[in-house]
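These are notes for a colleague going through the model. The points run from the whole chain down to single residues.

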Amino acid sequence: MQAITNPIALELAGEVKKAAAPNELVNDTLDNRWNLEDFRKVVEWYERKCEQRAKEEMIITALQNSVPLQAIEAMCKNAGVTEARLAELKSRVQMT
């Protein structure tokens with residue numbers, strides 16, 4: 001969703017809200033739009049975290065199966081995994 005920036009649209013939205021003032025359902029719906037937008041942002045953040053975790057799990061599997069270092073480095077570059085994070089993943093593999 002995009003924020004409304006058109007001044008005419010904002011004015012009309014304000015007039016609609018005034019006209020619908022007695023109707024609590026309309027007011028609640030207009031107010032809850034922001035809650036839904038925040039929820040959408042949280043869901044997108046969670047999806048990105050899950051995707052990153054899946055990539056890191058693939059790297060861990062590669063480390064456990066002695067995949068050549070060049071291939072692991074390529075996987076890290078593609079997944080956006082830093083050298084510091086790779087070191088953490090390597091230590092996790094060594095602990096198991």
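1. Among contacts in the protein with a separation of 6 or more, 49% are between residues 24 or more positions apart. The model is a predicted one, and this share, like the other values below, is computed from it.

2. The protein has four helices and zero strands. In sequence order the pattern reads α-α-α-α.

3. Of the 96 residues in the protein, 16% are buried. The accessible surface is about 7800 Å², and carbon and sulfur atoms account for 59% of that surface.

4. Helix α4 covers residues 83-95, 13 residues in total. From first C-alpha to last, α4 reaches 19 Å, close to the 18 Å expected at 1.5 Å a residue.

5. Which residues of α4 are buried? They are L86, L89 and V93. Viewed down the axis of α4, the buried residues lie within an arc of 60 degrees, so they line one face of the helix.

6. E56 belongs to helix α2. Is this residue, E56, buried or exposed? E56 is buried, because its relative accessible area of 12% is under the 20% cut-off. Apart from neighbours within four places in sequence, E56 has contacts with V81, R85 and L89. One of these partners, L89, is also among the buried residues of α4.

7. E57 also has its place in helix α2, which spans residues 24-64. With a relative accessibility of 32%, E57 counts as partly exposed, whereas E56 is buried at 12%. The C-alpha atoms of E57 and L89 are separated by 9.0 Å, and the two residues are 32 apart along the chain.

8. On cysteines, the count of disulfides is zero. For reference, a disulfide is a covalent bond between the sulfur atoms of two cysteines. C50 counts as partly exposed, because its relative accessibility is 35%. C76 is buried, with a relative accessible area of 4%.

Methods: Residues are numbered from 1 along each chain as its sequence is written. This is a predicted model: local features need pLDDT of at least 70, side-chain atom pairs count only at pLDDT 80 or more; totals for chains, interfaces and linings use all residues. Side-chain values use heavy atoms; hydrogens and water are left out. Helices (H or I, at least four residues) and strands (E, at least two) are DSSP runs, numbered from the N terminus. The expected span of a helix is 1.5 Å times one less than its number of residues. Buried means under 20% relative accessible area, exposed over 50%, partly exposed in between (1.4 Å probe, protein chains only). The arc is that of the directions from the helix axis to the C-beta atoms. Contact means heavy atoms within 4.5 Å. Accessible areas come from the Shrake-Rupley method with a 1.4 Å probe; for residues, only the protein chains shown count as cover. A disulfide is a pair of cysteine sulfur atoms within 2.5 Å.
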